[in-house]
Structures are given as structure tokens and as C-alpha cells.
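Here is a short report for a first look at this structure. Start with the terms, then follow the residues.

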Amino acid sequence: YESVQTLAETGIIDGFEDGTFKPNALVTREQFVKMLVCALGIKEETGKEFNDVPKGYWSENYIVTAAVNGIVSGYEDGSFKPQDNITREDMAIIIKRALAKINVDLTKGSENAEFSDSDEISSYAKESVEQVSALGIISGMGDGKFMPKSFLTRAQAAKVIYLVCEAK
């Protein structure tokens with residue numbers, strides 16, 4: 001609740017027209033990047049293009065800014081897949097890159113959390129999940145699992161971004 005309220009008060013996240021937040025709704029890649037770029041106050045950049053993010057599209061500036069700053073990289077085919085729901089493991093990678101961008105010491109965390117499903121975390125995401133969980137920015141799902149392939153909810157996104165802001 002605190003993270004949602006704080007981010008809403010600062011304009012980093014919005015609710016829906018009916019006055020609800022819909023905490024269990026899923027977050028797309030573009031929505032997550034927008035929230036993170038706004039939360040970190042990263043200056044708008046130009047330069048990087050993705051073949052599936054049209055010029056003038058609502059999230060183009062956020063995605064390009066994140067890409068130019070090394071926070072996102074997209075896919076090998078030149079796409080970003082902005083409207084795909086973001087997985088928990090991909091969120092961890094983006095968070096790790098964002099923390100590095102704002103000069104957070106990624107080695108200062110406590111012991112890495114042991115997740116009972118750590119064997120399900122993709123090899124490209126393992127280090128990010130370990131480092132970001134050691135910093136206390138991300139955690140498991142309450143049953144000892146990280147659920148890396150599960151999609152991120154709005155409530156989870158708000159909590160993670162709030163904790164990134166706290167780490168600044």
C-alpha cells in the first residue's frame with residue numbers, strides 16, 4: 001500500500017479512470033520501463049530505435065531513454081516487444097541495470113536468497129536475480145519460490161520501483 005500511494009502521489013504510477021489501481025493486473029514491458037524511467041528521473045534521450053516501437057508512440061521516449069542508458073536492450077531481431085507482459089526474471093535484469101546506472105553498489109547486499117525454484121531461472125537472468133534479491137529489492141512469492149517465468153503484477157512493480165527509489 002505504501003509503495004503504491006507514494007508512487008501515485010509523485011506521478012510515477014497512475015490508476016484507472018474508475019479510480020481503481022487494479023493491483024493484480026499484469027504489467028507490460030513498456031509500462032514497467034515508463035515507471036522506472038520516471039522514478040529514476042532519467043533525462044530523456046534519443047538515438048536507439050526498435051523495429052516494433054513506432055516514432056511518436058506513447059512509450060517510445062521511455063523505451064529509447066532506457067535503451068540509451070543501458071537499462072534495456074531489446075531482442076536480437078531488433079524488437080522490444082513493448083506490449084508483452086514482463087516476466088519476473090526480466091524485471092530483475094532491468095532493475096539490476098537501473099541500479100548500476102544510478103551507481104548503487106550491487107555487491108553490498110546480504111546473502112542471496114535461496115529460491116526453491118532457482119533451477120527455473122534462465123541462465124541469462126540468474127546473476128541479476130541473485131544480486132537484486134541480495135539487496136532486498138526483490139523477493140520470493142512467500143512460498144520460497146521466485147517464479148521467474150510468471151508475469152509481474154502492478155502491485156509487484158510498484159513495490160520493486162519504490163524499493164529502487166529507496167536505494168538511490
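## Terms and basis

Buried means under 20% relative accessible area, exposed over 50%, and partly exposed in between (1.4 Å probe, protein chains only). The model is predicted: local features need pLDDT of at least 70, side-chain atom pairs count only at pLDDT 80 or more, and totals for chains, interfaces and linings use all residues. Residues are numbered from 1 along each chain as its sequence is written, and side-chain values use heavy atoms, leaving out hydrogens and water.

## T153

T153 has a relative accessible area of 14%, so T153 is buried. Contact means heavy atoms within 4.5 Å. Leaving aside neighbours within four places in sequence, T153 is in contact with P23, N24, A25, L26 and V27.

## Aromatic pairs

Rings of Phe, Tyr and Trp (its six-membered ring) pair if their centres lie within 6.5 Å; planes under 30 degrees apart count as stacked, over 60 as edge-to-face and the rest as tilted. The whole structure holds three aromatic pairs. In one, the ring centres of F50 and F80 are 5.3 Å apart and the planes stand at 50°, so the pair is tilted. Both F50 and F80 are buried.

The rings of F115 and F146 have centres 5.1 Å apart and planes at 45°, so this pair is tilted. F115 is buried, as is F146.

## Charges over rings

A charge sits over a ring if NZ of Lys or CZ of Arg is within 6 Å of the ring centre and within 35 degrees of the ring normal. R88 places its charged end over the ring of F146, 4.5 Å from the centre. The charged end of K22 sits over the ring of F16, 4.3 Å from its centre.
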